[in-house]
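Please load the model in your viewer and keep the selection panel at hand. The tour below moves from stop to stop, saying what to select and what is found there.

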Amino acid sequence: MNPVLSQQEIDALMAGMQNGEIDVAVLEEQEQVKVKDYDFKRPVRLSKEYISTLKLVFEEYAKIMENTLTTQLRTNVSLVLKSIEQISFDEFLHSVSFFTLMGIFHADPQPGIQMIEINPQVSFKLVEIMCGSANDVTSSQEPDRDYFTEIERAILEDVMAQFGAVFQTVWRDITELEVHMDSIETNSQMVQSISPNEPVALITFEIELMGCTSFVNLCIPYVFFETILDKLSVRYWFHSGKAVDVTDKERLKSSLQEVELNLEVILGEAEVSLENFLQLELGDIIPLRKRTNDPLSLLIENQPYYLVKPGIVDNQMAVEVLQDIGGNPEE
């Protein structure tokens, strides 16, 4: 509500306008209502609050997928969330190349289908690594062909399955999903499962693999979120009062069972001079700082955990565990 001006204030205002101290044009411009353009072809369905929650979800997705690919490929992989946009499906199709790797899957019980798009340059690099390539030379060259062989498709289907499995995992705190991979497409223009004007959320990740840097896109239609919008609020995310899922501990324990550890048994140690080392010949004897009846140390990832006794089982060298020293070298 505008304040009521006194006669003295009105006279001062009129005097200021007459002598030019007050610019009427500036006042009129300040009073104009600010109008923001709205594109009805690109409706914003997800608020900033929901986008913030999705950012948390897919940052976790990037971390888990990064570890999964690093383990599967046995080489360092970097996967970082770059952006979350709301666009139409037609815009998504026009943003990717004709020849690309696109995995199509659905997540029951949520409606709609989801898509994962991987650049061909990264796809060929994945195949090279999984086929045992030891070439560490960084390369940014584009692929010299626009198709995948049957063997390459089979290998890439396994990689796509990992992307789908992690997608199911990161949603477990919000809703239970069961992901099923439907098909693999290599021509983006052949994908007609979604209406061109359908609003979608485009989640873009930057992937770095042996010097090759590109993008991985995850396309999720808006209908996927419609029934779970209330669970995407920050209030639900942090204050839902949800009890700790007892199955999480068992799931973590089960996952750790697959971790490979390096075990070593130290037979003994000795110090020799460089001169004696260079003169070593077959048949020479090197005394070790251990008696023949002393137990040996079994190391797990370079840490001593057990005392063991050497022996033979089925014509193979073996050790028998005698004592647990729990990583304490003083035992």
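A salt bridge is taken here as a side-chain nitrogen of Lys or Arg within 4 Å of a carboxyl oxygen of Asp or Glu. By that criterion, a search of the whole structure finds 5 salt bridges. The model is predicted, so that local features need pLDDT of at least 70 and side-chain atom pairs count only at pLDDT 80 or more, while totals for chains, interfaces and linings use all residues. Residues are numbered from 1 along each chain as its sequence is written, and side-chain values use heavy atoms, with hydrogens and water left out.

**Stop 1: glutamate 60 and arginine 172**

Select glutamate 60 and arginine 172, whose side chains meet in a salt bridge with an N to O distance of 3.9 Å. The pair links distant parts of the chain, 112 residues apart: glutamate 60 lies in helix H3 (residues 48-73), and arginine 172 in the loop between helix H6 (150-170) and strand E4 (178-187). Helices (H or I, at least four residues) and strands (E, at least two) are DSSP runs, numbered from the N terminus. Glutamate 60 is partly exposed at a relative accessible area of 24%, and arginine 172 is likewise partly exposed at 24%; the classes are buried under 20% relative accessible area, exposed over 50%, and partly exposed in between, with a 1.4 Å probe and protein chains only.

**Stop 2: threonine 100**

Next, select threonine 100 in strand E2 (residues 99-108). Is this residue buried or exposed? Threonine 100 counts as buried because its relative accessible area is 0%. Its side chain reaches the backbone oxygen of isoleucine 118 at 3.0 Å.

**Stop 3: the four-stranded sheet**

Now show the open sheet of 4 strands, which has the order E7-E8-E9-E10 with antiparallel pairing; two strands pair if DSSP finds at least two bridges between them. E7 and strand E10 (316-324) are the edge strands, each pairing on one side only. Neighbouring strands of this sheet are turned by 40° against each other on average, direction ignored. Within the sheet, strand E8 (residues 296-300) and strand E9 (residues 303-313) pair in the antiparallel sense over 5 bridges, and the bridge partner of leucine 299 in E9 is proline 304.

Lysine 309 is partly exposed at 44% relative accessible area, and glutamate 320 is partly exposed at 43%.

**Stop 4: around helix H10**

Move on to arginine 289, which forms a salt bridge with glutamate 269, the closest N and O atoms being 3.4 Å apart. Arginine 289 sits in the loop between H10 and E8, and glutamate 269 in the loop between E7 and H10, 20 residues apart. Arginine 289 is exposed, with 54% relative accessible area, whereas glutamate 269 is partly exposed, with 49%.

Finally, select leucine 267, which is in the loop between strand E7 (263-266) and helix H10 (274-278). Leucine 267 counts as exposed because its relative accessibility is 59%. Together with Val272, Leu274, Phe277, Leu278, Leu280, Ile286 and Leu288, Leu267 forms a nonpolar patch on the surface, with about 810 Å² of accessible area together. Patches are made of residues with over 30% relative accessible area and no salt bridge, nonpolar side chains (Val, Leu, Ile, Met, Phe, Trp, Tyr) being joined within 5 Å and like charges within 9 Å. Accessible areas come from the Shrake-Rupley method with a 1.4 Å probe, and for residues only the protein chains shown count as cover.

Technical notes. Axes are lines fitted to C-alpha atoms, for helices over the stretch in contact, and angles run from 0 to 180 degrees between N-to-C directions. A polar contact is a pair of N or O atoms within 3.5 Å; within protein, one must be able to donate a hydrogen and the other to accept it, and residues adjacent in sequence count only if both atoms are side-chain atoms.
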